[in-house]
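Trainee: I am new to this one. Could you put the structure up and take my questions?

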Amino acid sequence: MDELIGILEGLHPDVDFRQTAGLIDDGVLDSFDIISLVAEIDNIFDVQIPAAEIVPENFNSAQALQDLIERLSDD
Amino acid sequence: MRTHLLEYLEDTVRRVPEKIAYSNGQDDMTFAQVYRESRAIGSFLQARDLRCQPVVVFMNKHPRAITAFLGVLYAGAAYVPIDEEMPRIRIRLILDTLQPRALICDSQTARAVASLEYTGAVFGYEQICQTPETPAALAAIRDAHIDTDPAYVVFTSGATGVPKGVVACHRSVIDYIEAFSEVLRLDESTVFGMQVPLYFDACLKEVFPTLKFGATTYIIPRNLFMFPVKLVAFLNTHQVNTLCWVVSALTMISAFGTLDTVVPHTLRLIAFGSEVMPVKQLRSWRKALPDARFINLYGPTEATGMSCYFDVDRDFADDEPIPIGRPFRNTGILLLGPDNRLARPGETGEICIRGTALTMGYYKAFDKTAEVFVQNPLNDAYPELIYRTGDLARLNERGELVFVSRKDYQIKHMGHRIELGEIEAGANALEAVRMAGCIYDAEDGKIVLFYAGDLEPGALLAALRDRLPRYMLPNQVEPLDRLPLTSNAKIDRVTLKQMHEHKKKEKQHG
């Protein structure tokens with residue numbers, strides 16, 4: 001989780017990602033961020049997020065994103 | 001002879017009044033509604049005598065915002081699109097330049113307008129669109145109109161930190177729309193899926209051909225560009241057949257492998273531009289849509305919109321550039337070498353544009369205008385303006401124009417034209433920053449900002465967020481004790497670039 005928080009903080013240093021839900025619903029992340037996130041997650045975790053998984057539910061909080069990464073690395 | 005952009009609307013509303021002109025998927029506006037409300041707004045504004053004056057439209061991306069543009073044109077004024085995406089400081093700089101006497105907002109942007117320290121008149125769209133029509137006054141304005149009167153002012157990045165307002169007249173927009181529509185073979189069956197924000201000249205591609213042909217434009221909600229599968233679903237639901245998008249929006253779909261899952265099967269024309277299209281991405285689009293036409297577009301805001309096009313007619317190798325092709329009809333391109341002579345085939349020269357499509361120049365910036373709108377150096381017989389783009393290109397062996405690079409520190413990032421100097425100026429404006437230097441890593445598509453100063457990278461980024469548009473924010477921020485300087489005491493971007501490359505290599509090798 002720390003690694004993921006690190007990536008997120010790189011995008012928005014002013015947001016406390018451990019406490020914040022609604023990253024999509026409240027407009028914290030935008031399309032630039034999603035593109036960077038998908039690329040960084042591929043780089044660092046070697047996990048390729050398929051298009052069908054790039055949906056608001058999977059990006060709404062750090063926890064949701066962490067769950068997605070774990071689910072995809074199990075496959 | 002067409003001399004006014006609204007003639008497109010006036011012809012079409014007679015033919016297909018009940019057809020949808022603009023929609024965002026939820027709210028639709030027919031041509032009859034667009035006609036009625038834009039004339040109401042024109043009737044309201046005409047009483048304020050704003051002929052050839054800038055009128056700011058600060059509204060959300062919605063069919064009503066386009067109707068407000070047209071309402072401004074009915075009043076004989078020039079619309080200036082502003083958006084909530086723009087940081088407050090940038091909006092203030094724009095208002096400082098324009099000193100506009102009138103601004104139109106909607107109920108959602110009214111609060112943001114109140115925070116701007118703007119002292120001119122503010123009008124709410126929802127109120128003024130109910131104004132009873134004043135046909136005689138509108139006719140009088142039209143009667144006095146000439147096609148070199150301004151239609152809009154849009155702002156582009158300026159190297160000193162102050163955005164430049166490009167003023168376009170009706171004649172150049174009509175010229176562009178006619179030539180563009182011909183190449184794209186647009187008609188009444190065209191259904192656009194609009195990606196670009198309304199505050200760029202890029203939106204002309206959808207806004208005016210829709211009026212000209214009685215076509216339909218679906219304005220795509222911004223947040224769909226985060227979620228490729230939902231985005232394709234939107235295109236399919238509304239049977240969109242024509243896209244004019246920036247490259248990064250198209251690659252957002254193809255790079256995630258979206259096209260293996262869902263295909264926007266109603267598309268028949270995909271035009272792209274504003275940056276270099278990676279060949280691999282183009283290939284996956286062509287594979288998914290083998291019957292569609294793909295067109296590469298090139299053009300600066302100063303020449304109204306797009307100036308050149310290339311109909312993708314063959315496959316390209318991964319490292320081969322896709323040409324920008326040839327100029328639109330009635331546009332002239334000169335490739336000028338450093339000695340102001342025509343570049344020979346294969347030789348690199350600066351793209352210089354001549355013709356009716358040239359805009360009038362920059363608003364209240366005569367010196368800046370004169371730097372780039374200059375006498376054609378090949379013509380010593382009579383006055384003839386060309387626009388020097390600062391873009392370098394060459395002719396390939398097939399006689400097609402191929403973009404090479406920029407002459408200066410202007411970059412294209414995520415489809416946006418950015419002066420690195422504007423980012424530096426934004427950082428230098430912060431008290432805690434002593435000096436800042438910016439480079440662009442084109443390979444990774446990253447803006448990297450180096451700075452010396454008494455604040456953390458995170459705090460610097462947070463402060464820049466208030467000053468710069470989202471697409472100008474650095475993707476990487478590096479603190480330094482001092483910045484490298486050249487012998488004449490300018491920031492040494494070459495050394496900064498080397499430092500960045502060096503660090504990148506270290507990272508890759510762990």
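Trainee: How many residues of chain A and of chain B does the contact take?

Mentor: This is a predicted model, where local features need pLDDT of at least 70, side-chain atom pairs count only at pLDDT 80 or more, and totals for chains, interfaces and linings use all residues. Residues are numbered from 1 along each chain as its sequence is written, and chains are lettered from A and ligands numbered from 1 in the order in which they are written. Two residues are in contact if their C-beta atoms, placed from the backbone, lie within 7 Å. The contact takes 14 residues from chain A and 15 residues from chain B.

Trainee: Which helix gives the most to the side of chain A that touches chain B?

Mentor: Helices here are DSSP runs of H or I with at least four residues, strands are runs of E with at least two, and both are numbered from the N terminus. With 5 residues, the top contributor on that side of chain A is helix H2 (residues 31–45).

Trainee: Why does chain B count as being as compact as a globular protein of its length?

Mentor: Chain B holds 17 helices and 26 strands. The globule rule, 2.2 Å times the number of residues to the power 0.38, is set against a radius of gyration taken over C-alpha atoms. For 510 residues the rule gives 24 Å, so chain B is as compact as a globular protein of that length, with a radius of gyration close to that value: 23 Å.

Trainee: What share of chain B is buried?

Mentor: A residue is buried if 20 or more other C-beta atoms lie within 10 Å of its own, exposed if 12 or fewer, and partly exposed in between, with C-beta atoms placed from the backbone. Of the 510 residues of chain B, the buried share is 48%.

Trainee: Which residues touch the most other members of the largest nonpolar core?

Mentor: A nonpolar core is a set of buried Ala, Val, Leu, Ile, Met, Phe, Trp, Tyr and Cys residues joined through C-beta atoms within 7 Å. The largest one has 150 residues. Helix H3 (residues 63–74) of chain B gives the largest share, 8 residues. The members touching the most others are B:Val55, B:Val57, B:Val72 and B:Val80.

Trainee: Is B:Pro321 buried, exposed or partly exposed, and why?

Mentor: B:Pro321 sits in the loop between strand E14 (308–311) and strand E15 (326–327) of chain B. Beyond four places in sequence, B:Pro321 touches B:Val276, B:Val402 and B:Phe403. Because B:Pro321 has 16 C-beta neighbours inside 10 Å, its class is partly exposed.

Trainee: In E10(B), what is the bridge partner of B:Met194?

Mentor: B:Met194 belongs to strand E9 (residues 191–194) of chain B, where B:Phe192 and B:Met194 are buried on one side and B:Val191 and B:Gly193 on the other. E9(B) runs parallel to strand E10 (residues 216–219) of chain B, joined by 4 bridges. In E10(B), the partner of B:Met194 is B:Ile219.

Trainee: In E26(B), what is the bridge partner of B:Tyr451?

Mentor: Strand E25 (residues 446–453) of chain B pairs with E26(B) in the parallel sense, over 4 bridges. In E26(B), the partner of B:Tyr451 is B:Pro479.

Notes
Pairing = 2+ DSSP bridges.
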